[in-house]
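Subject: A structure for you to look at

Hi,

Here is the structure I promised to pass on. Please open it next to this message, and my notes follow below.

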Amino acid sequence: MASTRPAAMPKVLDIIRDEHRSIYAVLDGLRYLARHSLTGKLTVDPKVFRLMLHYLETYAERLHHPKEDQYLFAAMRQFGPPAEAVIAGLARDHAGGERALRDLDHCLARCEAAGETRFAAFANAVEEFVRDYLQHMKKEEEEVFPLALKLLTPGDWAVIDSAYGKDHDPFIAEQEKKDLGELLDRIVRLAPPPIGVGPAAGE
């Protein structure tokens with residue numbers, strides 16, 4: 001029997017992988033700055049941390065996760081328990097994403113209010129957050145994507161890709177891209193090296 005796996009990678013999976021790379025870059029930068037702030041090797045303006053959290057909230061929680069839920073996970077759920085067993089935990093992660101980011105922001109605010117300069121509690125919370133997020137993306141790419149390619153037919157993928165295209169206004173998508181680009185530019189301008197070009201410690 002011939003495989004029903006599509007000859008080319010479905011558009012949605014390519015998009016999701018590209019978005020994972022963007023999210024990873026910000027997560028890695030957030031973790032790096034938090035770690036080196038904790039050790040005293042860098043002095044980091046709290047604005048940088050807040051901009052990074054805002055980027056993750058805007059990009060991951062409002063744009064990226066809904067795409068996975070509405071197009072990929074929803075299509076897989078028609079196959080019942082085998083698919084549900086894999087995606088249920090990831091869907092719960094998505095549901096709690098905004099709360100996790102809000103908790104990080106509140107933790108940073110408490111550190112500032114206490115007069116901390118190394119943000120110890122925040123740095124520790126960032127380590128846990130980033131670790132869990134990376135595990136989440138790894139499970140999607142190593143477990144969910146292969147299962148989706150096994151279960152969904154080329155016709156299923158065509159419907160998903162078509163629905164995604166029709167559901168996204170090109171003007172709005174371009175504006176979102178511009179807004180996110182400007183947000184990343186602000187992060188780069190404020191963050192100290194090697195993440196950005198902002199002032200280094202002691203400057």
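Let me start with His64, which is found in helix α2 (helices being DSSP runs of H or I with at least four residues, strands runs of E with at least two, both numbered from the N terminus). Before going further, please note that this is a predicted model, in which local features need pLDDT of at least 70 and side-chain atom pairs count only at pLDDT 80 or more, while totals for chains, interfaces and linings use all residues. Residues are numbered from 1 along each chain as its sequence is written, and side-chain values use heavy atoms, with hydrogens and water left out.

Why does His64 count as buried? Because its relative accessibility is 1%, where buried means under 20% relative accessible area, exposed over 50% and partly exposed in between, with a 1.4 Å probe and protein chains only. The side chain of His64 has a polar contact of 2.6 Å with that of Glu19 and another, at 3.3 Å, with the side chain of His20. (A polar contact is a pair of N or O atoms within 3.5 Å; within protein, one must be able to donate a hydrogen and the other to accept it, and residues adjacent in sequence count only if both atoms are side-chain atoms.) Leaving aside residues up to four places away in sequence, His64 touches Ile16, Glu19, His20, Ile23, Tyr59 and Glu140, a contact being heavy atoms within 4.5 Å.

On the overall fold, the protein has 7 helices and 0 strands. Of its 203 residues, 40% count as buried. Among contacts with a separation of 6 or more, 77% are between residues 24 or more positions apart.

Helices α2 (46-76), α3 (81-95), α4 (97-113) and α5 (120-151) each supply at least two lining residues, with the largest share, 6 residues, coming from α5.

Pro194 sits in the segment after α7 (170-190).

Best wishes
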